Amino acid sequence: MGQLNHSTVRARCAMCGRALSRPGRVVPGIGEVGPECHRKVQALEAFARAAGLEGSLYGGAWVPEDASQDALLRAQAFILRARRSGLRVEVNHVPGGAWVQVSGVERPKAFARAVDSWTAWARELEARAALREVARD
C-alpha cells in the first residue's frame, strides 16, 4: 500500500486573501496577516493611537460619554475614516459610553488604498491636539 500524501493547507492573509508562504502575525479582530499587511496594520495602529482608540484593534476601546469634546471628535473621526477605509467597525452604545471595536476587513481594495491616508490622518490628529494644548496655555 502506498502512503497518503497530505497536502498542507496554506493559511491566507485575513486582509488581502493571499496565501501565506510562512506563518503570519495574528492581529486580534482581523486575523492572521502577512508581512505587507502587517505594515498596513502598523499604520492603522498609529492612527488609532492618535485618536485614543488603539484598544479598538485589540478587543475594544471604551469611550465614556463624559469624555472631552476633543476625545469624542477624535473617536468619531477614527470610526468614520476606518469604515470608509474598508474596515468593519462595531460601536456598541451602553449606559455611560460606547465600546468601539475593529472586527475585520469588509472591503479589501479600499483597505489597501487607505494605508498612506492613515499615516497622514494620524499626523493631522496629533498636530490638532498639539495646537489645542498650546491654545489652552
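User: Is Val94 buried or exposed, or something in between?

Analyst: The general idea is a scale, on which buried means under 20% relative accessible area, exposed means over 50%, and partly exposed is in between, using a 1.4 Å probe and protein chains only. Val94 has a relative accessible area of 36%, so it is partly exposed. This is a predicted model, in which local features need pLDDT of at least 70 and side-chain atom pairs count only at pLDDT 80 or more, while totals for chains, interfaces and linings use all residues. Residues are numbered from 1 along each chain as its sequence is written, and side-chain values use heavy atoms, with hydrogens and water left out.

User: Which strand holds Val94, and how many bridges join strand 4 to strand 5?

Analyst: Strands are DSSP runs of E with at least two residues, helices are runs of H or I with at least four, and both are numbered from the N terminus. Val94 belongs to strand 4, residues 87–94. Two strands pair if DSSP finds at least two bridges between them; strand 4 and strand 5 run antiparallel and are joined by 7 bridges, with Val91 standing opposite Val100 in strand 5. The hairpin of these two strands has 2 residues between them, and there Gly96 takes a positive phi near 100°.

User: What else pairs with strand 5, and why is strand 5 described as largely enclosed?

Analyst: Strand 3, residues 61–64, pairs with strand 5 in the antiparallel sense over 4 bridges, and Val63 stands opposite Ala98. Strand 5 covers residues 97–105, and because 7 of its 9 residues are buried, it is largely enclosed by the rest of the structure.

User: Where is Ala122, and which residues does it touch?

Analyst: Ala122 sits in helix 4, residues 115–136, and is buried, with a relative accessible area of 5%. Not counting residues up to four places away in sequence, Ala122 touches Ala46, Phe47 and Ala50. Ala122 and Glu45 are 77 residues apart in sequence, yet 9.2 Å apart in space, C-alpha to C-alpha.

Definitions and conventions
Contact = heavy atoms within 4.5 Å.
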